[in-house]
Amino acid sequence: MRLAAFAVAVTCALAGPAAAWQSEDQRVFGPEDAPQIQVLSVTDLAAFAPVLQDYVERNPGRSIRYVQASSTEIYAAIHEEDARFDLVISSAMDLQMKLANDGFAASVTPVAAGLPDWARWRDQLWGIALEPVVTLASRQALGDLPVPRTRRDLIALLRENPERFQDRIAAYDPQVSGVGYFLIAQDDQVSDGFWRLAEVMGRLNARLFCCSGQMITELREGRIAIAYNVVASYAARFRPDDPDLVQLAFEDYTFAIVRSALVPVNAPDPQGAQDLLTYLLSDSAQRLIADSAGVALIAGTGEPPVPQLRPIRLDAGLLVYDDRLRRAGLLSEWRAALIQP
């Protein structure tokens with residue numbers, strides 16, 4: 001039996017009394033009595049707080065109500081529950097594309113100088129961050145073992161040291177995490193060896209989690225040794241103060257997902273949303289975001305991408321991941337690999 005970890009969720013009052021979707025956290029930035037821009041986002045509140053605080057300090061007549069939820073809850077809130085938010089931010093690129101393709105995203109024209117063409121879709125989806133997807137390990141858990149540089153190295157490490165890594169591998173649960181499913185689909189598309197890695201993790205009784213933050217917490221508290229497919233920005237605020245954390249950007253390939261924003265067609269304050277989006281695409285905000293992500297989306301605002309980084313394009317090809325038969329097949333193969341006798 002797998003141990004699944006979930007963030008404690010509370011019903012979000014913003015969606016009304018009949019809402020079925022759930023939020024994880026929320027906070028108001030700026031004066032309580034100022035006009036509020038309502039933001040629904042998957043990004044960990046603590047990680048995004050410096051950016052939001054900078055915005056309200058630059059715009060003292062505005063405040064932001066920031067509500068954090070999982071990518072699948074965000075999709076349900078907008079697509080199924082008619083929740084009313086001004087700006088929706090998610091790293092589940094396929095779900096964001098489906099919202100836009102299904103008519104839930106308004107056309108807006110923020111100032112977006114320098115934004116790469118592959119980081120926007122029409123005038124409805126706007127990339128605001130490039131998020132490398134890495135593997136994290138504990139130095140103490142690795143001990144004198146070699147640090148893996150590729151997925152093939154990781155497979156060998158796990159196979160040769162089962163007693164060290166039994167019950168101590170973490171990965172996304174793709175059945176509850178939109179980002180987790182999307183990353184498995186990307187791994188499946190790029191690497192034949194990914195399923196060998198999944199089978200090895202299954203034999204070691206890998207533990208499945210809803211989100212990067214949960215995996216990092218378990219890693220830092222010593223309950224797991226390796227976390228596969230973690231969004232790097234979540235680890236960035238811990239790594240300078242935690243010498244035990246090792247970040248592995250594998251040399252065979254390292255995905256980078258585009259965290260994107262859209263303005264829903266039912267946004268109460270679409271102008272406020274566009275103003276905030278313009279700020280998020282400005283050099284000052286992009287520098288703050290790049291500091292967290294470890295790589296710049298817009299050239300000149302942070303560290304340039306490493307050669308093995310593979311940004312995933314924001315385009316209509318992402319809609320293939322919504323295909324029900326494809327999804328069912330991938331999840332079935334994942335369960336077969338991870339849940340072994």
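**Close-up 1. Kink in helix α1 of the predicted model.** Helix α1 bends by about 25°, with the kink centred on Val 51. Its 14 residues, 45-58, should span 20 Å at 1.5 Å a residue, and the end C-alpha atoms lie 19 Å apart, which agrees. Val 51 itself is buried, as are Leu 45, Ala 47, Phe 48, Ala 49, Leu 52, Asp 54, Tyr 55 and Val 56 of this helix.

**Close-up 2. N-terminal cap of α1.** The capping residue is Asp 44. One of its side-chain oxygens is 3.2 Å from the backbone nitrogen of Ala 46.

**Close-up 3. Buried face of helix α9.** Within residues 212-220, the buried positions are Ser 212, Met 215, Ile 216, Glu 218 and Leu 219. Viewed down the axis of α9, these positions fall within an arc of 165°, so they line one face of the helix. An α-helix has 3.6 residues a turn, so residues three or four places apart point the same way. The cover over the buried residues of α9 includes strands β9 (125-138), β10 (169-172), β11 (207-209), β12 (226-231) and β13 (245-248), together with helix α10 (232-236). Just after α9, Gly 222 has a positive phi of about 85°.

**Close-up 4. Largest nonpolar core, around Leu 40.** The core holds 121 residues, and those touching the most other members are Leu 40, Ile 64, Leu 158, Phe 165 and Trp 334. Strand β9 supplies the largest share of this core, with 9 residues. Leaving aside residues up to four places away in sequence, Leu 40 touches Trp 21, Val 67, Ala 69, Ile 74, Ala 77, Ile 78, Phe 85, Leu 87, Val 88 and Ile 89.

Methods
Residues are numbered from 1 along each chain as its sequence is written. This is a predicted model: local features need pLDDT of at least 70, side-chain atom pairs count only at pLDDT 80 or more; totals for chains, interfaces and linings use all residues. Side-chain values use heavy atoms; hydrogens and water are left out. Helices (H or I, at least four residues) and strands (E, at least two) are DSSP runs, numbered from the N terminus. The expected span of a helix is 1.5 Å times one less than its number of residues. The bend at a residue is the angle between axes fitted to the seven residues ending there and the seven starting there. Buried means under 20% relative accessible area, exposed over 50%, partly exposed in between (1.4 Å probe, protein chains only). A polar contact is a pair of N or O atoms within 3.5 Å; within protein, one must be able to donate a hydrogen and the other to accept it, and residues adjacent in sequence count only if both atoms are side-chain atoms. The arc is that of the directions from the helix axis to the C-beta atoms. Contact means heavy atoms within 4.5 Å. A nonpolar core is a set of buried Ala, Val, Leu, Ile, Met, Phe, Trp, Tyr and Cys residues joined through side-chain atoms within 4.5 Å.
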